[in-house]
Amino acid sequence: MAMKHAVSSILPTEWADFQIHGFEDTETGKEHVALTLGELGGIEPVLCRIHSECLTGDSFRSRRCDCGPQLDAALSLIASEGRGILLYLRQEGRGIGLINKLRAYQLQDQGSDTVEANEQLGFEADMRTYDICETMLSYFGVNKIRLMTNNPKKMEALRLQNIEVTERVELECGANPHNKKYLQTKASKLGHLLNR
């Protein structure tokens, strides 16, 4: 794993003044970031969100997914606790990339769900990996987290990286008429823990 810390700076946001840290993966050329708040050392587990890039949801506020609201909620929760970390991983479209994600959107427009669309394009339902998380978290001395997620597979992937997930913090938000089928597919085909 050729992940290295490159730079840190202050990032004022509507929730808090975070520190933003840039990481470079010298093998893939991808750049990832971590947002931190407060003192992360010590024995207490750190509130954490592992968030995969979603240009359409995070930046353009698309209502096809719940990514933007989850990102906002995670930053708000970290700010309210005064301590936490968010890893923002550059693996758009569950790891298939932006253009292929838009191709999947086109297939969804024609009736496929998100899993079917990815598979029709020749991909697995979810191509994301979390092997860089241990390196990023260890940079801050973090190995115990309270993970904000609805995805049990993400929790298991982190545990395989020797990251102790002491608690799952539910992060269910952003439901609307445009993403009803998307959320149902997340629960029924990808095993996400959703109450709706």
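The model is predicted: local features need pLDDT of at least 70, side-chain atom pairs count only at pLDDT 80 or more, and totals for chains, interfaces and linings use all residues. Residues are numbered from 1 along each chain as its sequence is written, and side-chain values use heavy atoms, with hydrogens and water left out.

Arg-146 lies in strand S6; helices (H or I, at least four residues) and strands (E, at least two) are DSSP runs, numbered from the N terminus. Arg-146 counts as buried because its relative accessibility is 18%, where buried means under 20% relative accessible area, exposed over 50% and partly exposed in between (1.4 Å probe, protein chains only). Now display its contacts (heavy atoms within 4.5 Å). Not counting residues up to four places away in sequence, Arg-146 touches Pro-45, Val-46, Leu-47, Cys-48, Glu-81, Thr-166, Glu-167 and Val-169.

**The sheet.** Next, colour the strands. They form an open sheet of seven strands in the order S1-S2-S3-S5-S4-S6-S7, with mixed pairing; two strands pair if DSSP finds at least two bridges between them. Strand S1 (3-12) and S7 are the edge strands, each pairing on one side only. From one strand to the next, the twist averages 25 degrees, with axes taken as lines fitted to C-alpha atoms, for helices over the stretch in contact, and angles running from 0 to 180 degrees between N-to-C directions. Select strand S2 (residues 17-25) and strand S3 (residues 31-37): these run antiparallel and are joined by six bridges. Within S3, His-32 stands opposite Phe-23.

**Val-142.** Move to the loop between H6 and S6, where Val-142 is placed. Val-142 counts as buried, at 5% relative accessibility. Leu-40, Val-46 and Leu-137 touch Val-142, not counting residues up to four places away in sequence. A distance drawn from Val-142 to Ile-85 gives 9.4 Å, C-alpha to C-alpha, for residues 57 apart in sequence.

**Helix H7.** Select residues 152-159. The buried residues of this helix, H7, are Lys-154, Met-155 and Leu-158. They cover an arc of only 100 degrees around the axis, which puts them on the same side of H7; the arc is that of the directions from the helix axis to the C-beta atoms. The cover over the buried residues of H7 includes strand S4 (46-52), helix H6 (133-139), strand S6 (144-148) and strand S7 (164-169). At the N-terminal end, Asn-151 caps H7, with a side-chain oxygen 3.0 Å from the backbone nitrogen of Lys-153.

**Two loop residues with positive phi.** Asn-162 is in the loop between H7 and S7. Its phi is near 65 degrees, a positive value in a residue other than glycine, and Asn-162 is exposed, with a relative accessible area of 66%. Then select Arg-61, in the loop between helix H1 (55-59) and helix H2 (67-81). Phi of Arg-61, likewise a residue other than glycine, is positive, near 60 degrees. Arg-61 is partly exposed, with a relative accessible area of 39%.

**The whole chain.** Finally, zoom out. The protein chain contains eight helices and seven strands, and 47% of its 196 residues are buried. Of the contacts between residues at least 6 apart in sequence, 60% join residues at least 24 apart.

Notes. A polar contact is a pair of N or O atoms within 3.5 Å; within protein, one must be able to donate a hydrogen and the other to accept it, and residues adjacent in sequence count only if both atoms are side-chain atoms.
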